[in-house]
Amino acid sequence: MKTRSLVSIDDLTTEEIIKILDLAAEFEKNPVQDILRGKVVATLFFEPSTRTRLSFESAVNKLGGKVIGFTDSSNSSVTKGETLNDTIRTVNNYVDLIVMRHPIEGSARYASEIATVPVINAGDGANQHPTQTMLDLYSILKTQGTLDNLNICMVGDLKYGRTVHSLLMAMSRWKTSFNFVAPEELMMPDEYKLYLKNLGLEYYETIDLNEVINMTDIVYMTRVQRERFSDPMEYEKVKNAYVLQENMLAETKPGMKILHPLPRVNEISTDVDSNNKAYYFEQALNGVYTRQAIISTLLGLK
Amino acid sequence: MKNINDKKQLLVSAIESGTVIDHIPAATLFKVIKILGLDKIKNQITFGTNLDSKTDGKKAIIKIAGKFFEDDDINRIALVAPNAKLNIIQDYKVTEKRVVEVPDTIIAIAKCMNPKCITNFEKVTTRFRVVSKKPVALKCQYCEKITDQERLEII
Ligand SMILES: [Zn+2]
């Protein structure tokens, strides 16, 4: 069987995405299975991302597999000047699948060409993080019952946000309408808007979340970071405008859910946490089921 | 008595059989030589550069005796010499004229403009999908960023 890797969400057809999401639902019902017994998975985190690594390791452990790897490259052979090529060639001998996170863009695609085992990209710099997108899709599907005809509101840093770009591209496979809420400096880049336009999908841009929050099915929050602004005064002006407060939810749709890739800093007020529209912690748990589904698919076990 | 045409004639003197590549921008002559690997073959090669051209400013011309190119090979120069014209010579006569076309994929020729791309850190053969031919826009197979005509650099 040909080895498949998951480097970019575009590596999957829509049918494959649906199949993995169905499988994730199966794992949610029955998360502890012994299908990875005797298998070893490498988690190579060339830069730290505790949340993502723990999610992958939990997924593997629940399926009876073993994990080896490193959590940051500062105390491994990488700092001694080993090339990525050599690291992957070596690790490839020991494992059945490689999960890697690396700060350099394109590193995962390169690794997938070198390795003979499947490679899962757990983030390559500002480029791709497909398992995040898959868990976002799973969360949307699970809470809304469909991926069709939804209105998705993306809030915060839409200019540099890798997760929102990737989610936009993925959701554009269905009939989705988008609201983009961001300060002027961090608006959605033109290339993505053009992409939607060419597909005949609708979008609306605003700087005011209150203007659109009541019409949306999903509010996808991201963090507005100070260092993204060329002028610090601009940041001071807008920083509180992109914080979600409990009282903003009063008139929102009953089935609306709030997602966030986490970690959160202050962009969602903690008083939102107890509202049943808050979904970000369940979303993180969905990451385990989704990753179980992706790993078992790539290994040809399901 | 020699006139200006004779001079030109000298620079582009005839070959019995082979390929003449004309309308190369003078500035990219050596890139064309490198891309086609002309610095590594034993064929007789003559070239002229900084020649006046009605259409291209200063142009260059290369004549390679006994050498014929496949389309896939010659199209590799389209990035640096988009208006190049080929004359295929047999028995001192032009038997065929060809133009170059930007191919759908560009392998091992261009440099990715993204400084954070793996191809700029490790010895990786660059690969691009051509997303636009005029003006040229290349999508890196690795970092997925676009390198456009303005930022195009030949390795
Ligand atoms: Zn690149």
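Between domain 1 of chain B and domain 2 of chain B there are 0 residue pairs in polar contact (both at pLDDT 80 or more). A polar contact is a pair of N or O atoms within 3.5 Å; within protein, one must be able to donate a hydrogen and the other to accept it, and residues adjacent in sequence count only if both atoms are side-chain atoms. The count of salt bridges between domain 1 of chain B and domain 2 of chain B is likewise given as 0, a salt bridge being a side-chain nitrogen of Lys or Arg within 4 Å of a carboxyl oxygen of Asp or Glu. The side of domain 1 of chain B that touches domain 2 of chain B has 3 nonpolar, 1 polar and 2 charged residues. Here Ala, Val, Leu, Ile, Met, Phe, Trp, Tyr, Cys and Pro count as nonpolar, Asp, Glu, Lys and Arg as charged, and the others, Gly among them, as polar.

The model is predicted: local features need pLDDT of at least 70 and side-chain atom pairs count only at pLDDT 80 or more, while totals for chains, interfaces and linings use all residues. Residues are numbered from 1 along each chain as its sequence is written, chains are lettered from A and ligands numbered from 1 in the order in which they are written, and side-chain values use heavy atoms, with hydrogens and water left out.

**Domains of the two chains**

Chain B is divided into domain 1 (14-99) and domain 2 (105-154), with bounds that come from an automatic or database domain assignment. Their contact takes 6 residues from domain 1 of chain B and 9 residues from domain 2 of chain B, where contact means heavy atoms within 4.5 Å. In chain A, the assignment gives domain 1 (32-128) and domain 2 (131-284). There the contact involves 10 residues from domain 1 of chain A and 5 residues from domain 2 of chain A.

| Domain pair | C-alpha centres apart | Buried area | On carbon and sulfur atoms |
|---|---|---|---|
| Domain 1 and domain 2 of chain A | 29 Å | about 550 Å² | 47% |
| Domain 1 and domain 2 of chain B | 24 Å | about 590 Å² | 76% |

Domain 1 of chain A and domain 2 of chain A have 0 salt bridges between them and 1 residue pair in polar contact (both at pLDDT 80 or more). On the side of domain 1 of chain A that touches domain 2 of chain A, the elements giving two or more residues are helix H2 (50-62) and strand E4 (119-124) of chain A. E4(A) gives the most, with 3 residues. By class, that side of domain 1 of chain A has 3 nonpolar, 4 polar and 3 charged residues.

**Interface of chain B and chain A**

The interface brings 13 residues of chain B into contact with 13 residues of chain A. Together the two chains bury about 1,100 Å², 46% of it on carbon and sulfur atoms. On the chain B side, B:Glu122, B:Tyr142 and B:Glu144 lose the most area to chain A, together 44% of what that side buries.

Across this interface there are 2 salt bridges. In one salt bridge, the side chains of A:Arg109 and B:Glu144 meet at 3.9 Å, N to O. Chain B and chain A also have 8 residue pairs in polar contact (both at pLDDT 80 or more). The side of chain B that touches chain A consists of 6 nonpolar, 2 polar and 5 charged residues.

Chain B has 3 helices and 11 strands. Helices (H or I, at least four residues) and strands (E, at least two) are DSSP runs, numbered from the N terminus. In order from the N terminus, the elements of chain B are α-β-α-β-β-α-β-β-β-β-β-β-β-β. The C-alpha trace of chain B spans about 60 × 30 × 25 Å along its principal axes. Among contacts in chain B between residues at least 6 apart in sequence, 58% join residues at least 24 apart.

Of the 155 residues of chain B, 42% count as buried. Buried means under 20% relative accessible area, exposed over 50%, and partly exposed in between (1.4 Å probe, protein chains only). B:Ile109 counts as buried because its relative accessibility is 3%. B:Ile109 lies in the loop between strand E6 (105-107) and strand E7 (110-111) of chain B. Not counting residues up to four places away in sequence, B:Ile109 touches B:Ile35, B:Arg76, B:Leu79, B:Thr126, B:Glu153, B:Ile154 and B:Ile155.

In chain A, A:Lys193 belongs to helix H7 (residues 190-199) and is buried, with a relative accessible area of 11%. Leaving aside neighbours within four places in sequence, A:Lys193 is in contact with A:Phe180, A:Met188, A:Tyr203 and A:Glu205.

Conventions:
Buried area is the accessible area (1.4 Å probe) that two parts lose on being put together, summed over both.
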